[in-house]
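Good morning, and thank you for coming.

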Amino acid sequence: TEPWRVILHKAADLIEQRGHCKGALEDRHGALCMGGAVNVADTGRSGASGAIKRSEPGIEAIKRLHAFCPPFFTMYNNAPNRTAAEAVAKLRECAES
């Protein structure tokens with residue numbers, strides 16, 4: 001399995017475990033948005049408290065997720081009625097695409 005796919009599956013697992021948030025990489029309860037979850041899966045940190053350095057597979061995961069959720073996955077994540085289950089499903093669908 002390509003490393004970027006593993007990162008996306010791990011990000012989905014993280015949202016299932018920690019919860020889903022909107023409008024922030026990570027909320028004060030530790031819930032993650034899709035991007036924050038990808039960051040944690042890749043680097044161990046969400047990026048909410050400062051810059052992170054993504055790996056090449058992490059960069060590829062972000063690129064693939066943007067392409068899979070046009071125009072930007074952040075807009076998909078932050079849609080008013082978006083649920084955690086939908087965010088998790090989209091991460092997994094992208095990983096399998």
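The helices I shall name are DSSP runs of at least four residues, numbered from the N terminus. Please bear in mind that this is a predicted model.

With that naming, I begin with a loop. Pro 71 lies in the loop between α3 and α4, the latter being residues 73-78. Pro 70 and Pro 71 are joined by a cis peptide bond, with omega at about 0°.

I turn now to a pair of helices. Two packed helices are described by the angle between their axes and the distance between those axes. Here, the axes of helix α2, residues 34-43, and helix α3, residues 56-68, come within 10 Å and cross at roughly 160°. Angles over 145 degrees count as roughly antiparallel, so α2 is roughly antiparallel to α3. The crossing of these two helices is right-handed.

Which residues make the contact? From α2 there are Met 34, Val 38 and Asp 42, and from α3 there are Gly 58, Ala 61, Ile 62 and Leu 65. By class, this contact has 5 nonpolar, 1 polar and 1 charged residues.

Finally, the core. The largest nonpolar core has 24 residues, and those touching the most other members are Leu 8, Ile 15, Met 34, Val 38, Leu 65 and Leu 91. Two or more residues come from each of α1 (3-18), α2, α3, α4 and α5 (84-96). Which helix gives the most to this core? It is α1, with 7 residues.

Key:
Residues are numbered from 1 along each chain as its sequence is written. This is a predicted model: local features need pLDDT of at least 70, side-chain atom pairs count only at pLDDT 80 or more; totals for chains, interfaces and linings use all residues. Side-chain values use heavy atoms; hydrogens and water are left out. Axes are lines fitted to C-alpha atoms, for helices over the stretch in contact, and angles run from 0 to 180 degrees between N-to-C directions. Angles under 35 degrees count as roughly parallel, over 145 as roughly antiparallel, 65 to 115 as roughly perpendicular and the rest as oblique. A crossing is left-handed if the near helix is turned anticlockwise from the far one by less than a right angle, and right-handed if clockwise. Contact means heavy atoms within 4.5 Å. Ala, Val, Leu, Ile, Met, Phe, Trp, Tyr, Cys and Pro count as nonpolar, Asp, Glu, Lys and Arg as charged, and the others, Gly among them, as polar. A nonpolar core is a set of buried Ala, Val, Leu, Ile, Met, Phe, Trp, Tyr and Cys residues joined through side-chain atoms within 4.5 Å. Buried means under 20% relative accessible area, exposed over 50%, partly exposed in between (1.4 Å probe, protein chains only).
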